[in-house]
Structure formats: structure tokens, C-alpha cells
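Hi everyone, thanks for making time this morning. I'd like to walk you through a structure for a few minutes, so let me put it on the screen.

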Amino acid sequence: MRIPFTLKRSAPSSSSSPSNTTSNVSPNKKSKAASAAPASSVEPATVAGLTKCHAIELNGQLVVPKGRTSEGIETELGLFTMEEGTPTLLVGTHEIKGKIVKLKKPLLLVRKKKSSDDKPLPVEAEGIITEKYLFNGYPKTIMREKH
Amino acid sequence: MLASNTILKVVPSSQRCGDDNSDPSLFFVEIPSLDFIQEMDQAADLIGKENGSKAALVTSKKSFYMTKVESSNTFVVVNPSSNSSSSSSSSSSSSSSSDENNAGNDNKRRKVCKASICPSFHYELTRKYLDVSELRRILSAGTYEGDAEECPSKSSLRPTKSSLCVLLQTSLTELEKGLSLVEAFDVDGKWTVISEELKNEAFEEILAAASANDMNLSRLEISSILKSVTGDISTEKDVVEHCLRNNSSAVSPDMFSMDVGKIATFKARKILSKRSTPYPVKEFMATWTAEMPHQTTSYVPDISLLKNLCLSEYDGKVSDDVLTYFPSSNLPLDVSSRFKRLFEVRECWNEDDIEPFLKDVVREDESVVQILLKNALLKEKGKWIAKPAS
């Protein structure tokens with residue numbers, strides 16, 4: 001059985017402002033990945049034409065409260081912050097400090113789709129991950145103000 | 001980089017979530033480098049097998065096994081292209097909205113990002129090489145034995161290039177290299193091999209025609225050869241041309257220079273296969289030289305050409321080394337069966353002597369020593385014996 005594997009290329013940036021830094025990096029050039037877009041930029045950063053995704057790795061398993069997945073309710077995971085180059089994740093009353101780890105080999109984020117008659121459609125790489133935020137430290141319990 | 005002060009929200013899958021709440025439609029594939037993306041751009045497919053063995057990722061030039069690597073950690077992924085650029089916080093979370101209302105300026109700077117929980121495994125790519133012996137086995141199912149022997153049932157056994165790529169989970173480039181290696185023959189877009197008998201007949205007739213017409217073996221024209229061959233093979237023009245191409249190098253599209261080494265090997269095979277008793281080397285060399293085409297009088301055949309064609313042993317009765325016909329092409333394609341046969345013929349092999357009989361079954365990513373270590377025992381340096389039966 002043969003299934004095509006396609007790459008979902010990001011749309012090129014339409015902004016004429018030089019401060020919007022979305023750029024495609026040619027794989028033949030050994031330069032680093034394109035710089036991240038500022039928070040207010042419309043177009044996401046790309047690497048080799050693929051959207052650069054952000055990956056967060058956590059120890060253990062995330063348990064989403066019952067009834068929040070099958071019913072289609074969005075659930076807040078936590079608050080991500082960066083202070084002096086150290087990423088921090090606040091999940092409920094737990095604060096976990098992490099670090100940025102550059103991956104030795106890039107990861108493609110791939111989605112497989114199924115048609116209505118259950119036949120497999122082409123799989124598509126939606127994005128690429130070149131580094132991850134690794135939170136493997138022991139969480140610290142913090143007090144949050146009640147309002 | 002993910003912006004600071006980002007609220008992450010899990011987007012529930014519209015499909016059933018995995019046991020770990022992950023989105024079952026997502027997975028990771030680890031690629032060798034960023035350059036690999038350009039290769040995938042040209043062509044990339046996933047090829048699975050019905051027997052459930054490993055799937056392969058195949059580009060136009062290379063193929064890779066996909067090996068699942070599990071992890072006990074959780075992966076959450078934010079795909080910026082599926083997120084809005086809004087920097088306002090959302091109040092749809094389960095936490096109290098007053099928390100956010102009272103956060104003041106900080107709250108207003110928070111960005112909300114939708115995230116997905118990905119399965120806690122990824123696929124690792126390991127290089128996969130074409131199994132040439134398996135290719136030979138598949139092609140042999142519909143061996144071409146001449147036009148008179150052709151029938152629909154034989155044709156149905158012959159695969160196309162596309163179906164070979166799927167059967168062998170290989171790229172087109174690797175397949176084409178393999179087809180060239182096994183001297184595959186194209187019959188109306190389907191692939192097979194020509195029978196040894198027909199190949200030998202074609203080669204014999206090419207040499208006979210070249211000799212009869214005093215043609216220069218370094219500059220043989222296809223058209224001249226096809227006009228000059230006689231006998232039954234003269235009706236098998238494609239076979240004659242195929243044989244000429246596989247035993248020559250191209251000087252131009254229609255002109256070939258025959259490989260004298262291959263002519264010598266062909267002649268040696270013919271002489272040795274007719275003899276049922278061991279052949280003293282001196283006697284054989286004289287016969288062999290005499291059998292070479294007259295256009296090659298300056299060429300002295302080298303006994304090293306016979307490494308995978310016969311066994312050489314000293315015979316005290318004739319005070320000379322003797323040769324026994326033992327072609328590697330007659331050995332089983334299955335590796336363990338081949339080793340069994342080799343050790344039936346000889347209990348102990350020198351590495352140099354056994355190597356030519358293993359070249360057909362050694363994969364591109366392994367060496368002869370590696371295959372020996374898996375299938376034989378090292379008795380002493382450079383000498384191998386059979387592994388004891390387990």
C-alpha cells in the first residue's frame with residue numbers, strides 16, 4: 001500500500017515591512033533557522049518552507065478533566081513564560097522550570113487524514129520542530145491569589 | 001520562539017482521543033537533517049506491507065524504515081499557522097474569569113495559543129537498502145525463456161516498476177540500480193530475467209557472428225550484430241541486444257565495446273560445465289586460451305576471473321591444482337541455505353575463497369565479514385567453519 005507524503009508549505013509573507021521577519025531558509029544553506037516572528041507578526045516563522053512549531057515536553061502524562069474532550073470544550077493547559085532565557089510553565093498550582101533543548105535531528109509534525117469512506121488520504125507534514133521546551137524538573141507548588 | 005506570557009489551551013480532537021488524550025491523527029517523524037526536506041519535496045511516499053512489518057518512507061532516491069520510538073513523556077505542540085495572532089486572553093477556560101480580570105496590564109499582554117497533545121512516540125528513520133536477492137527471486141517467477149514459451153500466466157507473474165517499488169519498499173532510483181545489477185529484462189513494461197540457457201545462446205551467437213564477420217570487438221554495432229546472428233536466437237532481437245548491452249560498455253548509443261573479461265568468464269563457464277571431473281589447471285588454461293575469440297589473441301585470461309565459478313584444490317595424483325565447476329549463480333539466494341551448501345562442499349573456508357560466493361547476497365549496508373560473523377564461526381584468523389546446529 002502506497003500513501004503519498006506531502007509537505008504543507010507556509011504561505012510566503014505578504015508584509016512589506018522590513019521588521020516582519022518571516023523568511024524561508026533554503027535547505028542547501030547551512031544557516032540557522034529563520035528568526036521567530038514577533039508576537040504581533042501575522043506570518044509564522046518557517047524553516048525550509050515549513051511552519052516552525054513549538055514543542056513542549058513534560059514528564060508524565062497530562063490528564064484532561066473528563067467531559068472536556070468529547071464535548072469539545074477548550075481546556076487551559078497553563079501559562080508559559082520566559083524569564084532570562086528560562087522557560088516556565090504554570091499548570092494549575094504547579095510551577096515547572098524548564099530549558100530550551102536544540103534537537104539533534106528535526107522532527108516533522110505529521111497529520112494523517114481519513115476520508116469519509118475510511119480510506120487513507122495522503123499524510124501531510126504540517127510543521128517542523130527544531131528545538132523543544134523541556135520541562136523535566138520537579139514542579140513547585142505555588143499559592144495563587146483567590147479572587 | 002514561543003512568546004512569553006502565552007496561555008496554552010488544548011484543542012480537543014474531533015475524533016476519539018487516544019488513551020493519553022493525544023490527538024491520534026498526529027505523529028512525529030524524525031528526519032536526518034533539514035536537507036532531507038528538499039529530497040522529500042521531489043517525491044515521498046509511505047509504503048506499508050500487508051504482513052504488518054515495518055513501513056518505509058521512500059523518496060525518489062532513497063528509502064528508510066520507520067521505527068517507532070516510545071517515550072513516557074507528554075508532547076504538546078503549538079502550530080503557529082493554526083493560531084490567530086490575537087494577543088487578548090480568553091475567558092472560556094475553566095478557571096475563574098475574575099483571575100484574569102484582576103490581572104491588570106499583564107493580562108492584556110497575554111497571548112492565547114491553541115495546542116495539541118501529541119502521541120508520546122515518534123518515528124525514527126533508518127536507512128534501508130534494496131534486497132537484491134529478493135528482487136532476483138521476484139523476477140525469476142516469470143523468467144523469459146523465449147517467445148515460443150510465452151503465455152498469459154507467465155506475463156501475470158511479472159511486476160511493473162511501480163509494483164516492484166511497493167513490493168520491495170524501495171525508491172525508483174534504487175530499484176533501477178538493482179534492475180541493472182540483476183540484468184533484468186523488460187517485456188512490454190513488465191520486468192523479469194532471461195533464462196541462463198537463452199542468455200548463453202545469445203552470447204554464443206554474438207561472438208560467432210563477430211568472429212565470422214571479423215568485427216572489431218571494441219566497436220560492435222548493434223545493427224550489424226542483429227543482421228549477422230543466426231539460428232533460433234536470430235528471432236529474439238531484444239534478447240540479443242540485451243545480452244550485448246550487459247556484456248559491453250557503450251561507445252555510442254548504437255556501438256559497444258565488449259568486455260573481454262566477461263567473454264573470458266563466459267568461455268570458462270562453458271568449458272567447466274561440460275566436464276564432470278576436476279580439471280587440472282594447466283590443461284584448462286590451454287583450452288581456455290584457445291577458446292577465446294581470434295580478435296583477442298593478445299589477451300591472456302586470468303584465473304582470478306573464476307573465483308565465483310569454481311573451486312580450486314591441489315590434487316597430488318596430477319601434481320597440480322584442479323578446478324571443480326561450482327558457480328555461485330547455482331547457490332540458493334537465501335543466506336542461511338547458501339551457507340549450508342557452502343559448508344557441505346568444504347568444511348573450512350579461507351575468507352578470500354568464500355567471499356566471491358557471498359557477494360550476491362551481501363546487502364549494500366553490510367560487509368562480507370558481517371555476514372560471515374552472523375552465519376559462520378571463525379576457527380582461526382581468516383578461516384571459517386559452519387556454526388553448530390542449534
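Let's start at Ser195(B), which sits in the loop between S10 and H8 of chain B. Helices here are DSSP runs of H or I with at least four residues, strands are runs of E with at least two, and both are numbered from the N terminus. Before I go on, the housekeeping: this is a predicted model, where local features need pLDDT of at least 70, side-chain atom pairs count only at pLDDT 80 or more, and totals for chains, interfaces and linings use all residues. Residues are numbered from 1 along each chain as its sequence is written, chains are lettered from A and ligands numbered from 1 in the order in which they are written, and side-chain values use heavy atoms, with hydrogens and water left out.

Back to our serine: is Ser195(B) buried or exposed? Its relative accessibility is 12%, so Ser195(B) counts as buried. By buried I mean under 20% relative accessible area, by exposed over 50%, and partly exposed is in between, with a 1.4 Å probe and protein chains only. What does Ser195(B) touch, leaving aside its neighbours within four places in sequence? The answer is Thr143(B), Tyr144(B) and Glu145(B), where contact means heavy atoms within 4.5 Å.

At 3% relative accessibility, Ser25(B) counts as buried. Between Ser25(B) and Ser153(B) there are 42 Å in space, C-alpha to C-alpha, and the two are 128 residues apart in sequence.

Now follow the chain into H8(B), residues 196-212, which packs with H10(B), residues 237-246, at an angle of about 75 degrees and with the axes 9 Å apart. That makes the two helices, H8(B) and H10(B), roughly perpendicular. Under 35 degrees counts as roughly parallel, over 145 as roughly antiparallel, 65 to 115 as roughly perpendicular, and the rest as oblique.

Which residues meet there? From H8(B) we have Leu198(B), Lys199(B), Ala202(B), Phe203(B) and Ile206(B), and from H10(B) Val239(B), Val240(B), Cys243(B) and Leu244(B). By class, that contact of H8(B) with H10(B) has 8 nonpolar, no polar and 1 charged residues. Nonpolar covers Ala, Val, Leu, Ile, Met, Phe, Trp, Tyr, Cys and Pro, charged covers Asp, Glu, Lys and Arg, and the others, Gly among them, are polar.

Next, H6(B), residues 161-168, where Leu164(B), Cys165(B) and Leu168(B) are buried. Looking down the axis of H6(B), these buried residues fall within an arc of 105 degrees, so they line one face of the helix; the arc is that of the directions from the helix axis to the C-beta atoms. What they pack against includes strand S1 (2-7) of chain A, and also helix H4 (132-140) and helix H7 (172-181) of chain B. Just after H6(B), Gln169(B) takes a positive phi of about 50 degrees.

H6(B) and H7(B) pack at an angle of about 105 degrees, with 10 Å between their axes. They are therefore roughly perpendicular to each other. On the H6(B) side the contact is made by Lys161(B), Leu164(B), Cys165(B) and Leu168(B), and on the H7(B) side by Leu172(B), Leu175(B), Glu176(B) and Leu179(B). Sorted by class, the contact of H6(B) with H7(B) has 6 nonpolar, no polar and 2 charged residues.

Two aspartates to look at as well. Asp188(B), in the loop between strand S9 (185-187) and S10 of chain B, has a positive phi near 55 degrees and is exposed, with a relative accessible area of 77%. Asp214(B), in the loop between H8 and strand S11 (220-221) of chain B, has a positive phi near 50 degrees and is exposed at 57%.

Finally, the chains as a whole. Chain B has 15 helices and 19 strands, and 43% of its 390 residues count as buried. Chain A has 0 helices and 10 strands, with 41% of its 147 residues buried.

Notes: Axes fitted to C-alpha atoms, helices over the stretch in contact; angles between N-to-C directions.
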